[in-house]
Amino acid sequence: MTDIGIRSAVADDIPAIVAMLADDVLGAMRESPDDLSPYVAAFERLQGDPNQHLVVAERDGEVVGTLQLTVIPGLSRRGSTRSVVEGVRVHGSERGRGLGRQLMEWAVDESRRQGCSLVQLTSDAARPDAHRFYEQLGFVGSHVGFKLQL
């Protein structure tokens, strides 16, 4: 078994990313791996935005993890830049082996490199295991999130 490599996603990674997004109770309700066209369009939008970083983790040539990092310049916090981590997924065969931690360490390191003063994320209220994971990494549950479905 070889080490994990983290790299920018390419279009050929879309099926593997979508499969991981759909591979849990919540994702199964909101993802559609049978029709990749909306994901391809979204990937093209991401590729055109320098503040979007969609990465995959690869082991032995197979995509086994992913996350999206968005860098957001802003006026609040004295004009600071923050990052948002989204869509963190680890393939079922890799769970519990430290890959999630590696992905998150990459996101924090890249956020620092991008000049961010804060890394933030949201996690569905139905994911208590994920909450514990993020807390072990030093994230603090400091806010209540709200969403409006459009």
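1. Start with Gly115: this glycine comes after helix H5 and has a positive phi, near 85°. Helices here are DSSP runs of H or I with at least four residues, strands are E runs of at least two, and both are numbered from the N terminus.

2. Before going on, the ground rules. This is a predicted model, where local features need pLDDT of at least 70 and side-chain atom pairs count only at pLDDT 80 or more, while totals for chains, interfaces and linings use all residues. Residues are numbered from 1 along each chain as its sequence is written, and side-chain values use heavy atoms, with hydrogens and water left out.

3. The length of H5 checks out. Its 15 residues (99–113) should span 21 Å at 1.5 Å a residue, and the end C-alpha atoms are 21 Å apart, which agrees. The expected span is 1.5 Å times one less than the number of residues.

4. Which residues of H5 are buried? They are Leu99, Gly100, Leu103, Met104, Ala107, Glu110 and Ser111. Because they cover an arc of only 140° around the axis, they sit on the same side of H5; the arc is taken from the directions from the helix axis to the C-beta atoms. Arg112 and Arg113 are exposed, on the face turned away from the buried side. Buried is under 20% relative accessible area, exposed is over 50%, and partly exposed lies in between (1.4 Å probe, protein chains only).

5. What does that buried side pack against? Strands E1 (5–8), E2 (52–59), E3 (62–73), E4 (81–90) and E5 (116–121), plus helix H6 (128–136). Contact here means heavy atoms within 4.5 Å.

6. E3 deserves a look: 9 of its 12 residues are buried. E3 runs antiparallel to E2, with 8 bridges joining the two, and His53 has Leu69 in E3 as its bridge partner. The E2–E3 hairpin has 2 residues between the strands, and Asp60 takes a positive phi near 50° there. E3 also pairs with E4, again antiparallel, over 8 bridges, with Gln68 opposite Glu86 in E4. Strands pair if DSSP finds at least two bridges between them.

7. Now the aromatics: searching the whole structure gives 2 aromatic pairs. For Tyr134 and Phe139, the ring centres are 6.1 Å apart and the planes lie at 70°, so this pair is edge-to-face. Rings of Phe, Tyr and Trp (its six-membered ring) pair if their centres lie within 6.5 Å; planes under 30 degrees apart are stacked, over 60 edge-to-face, and the rest tilted. Tyr134 and Phe139 are both buried, and together with Phe133 they form one aromatic cluster.
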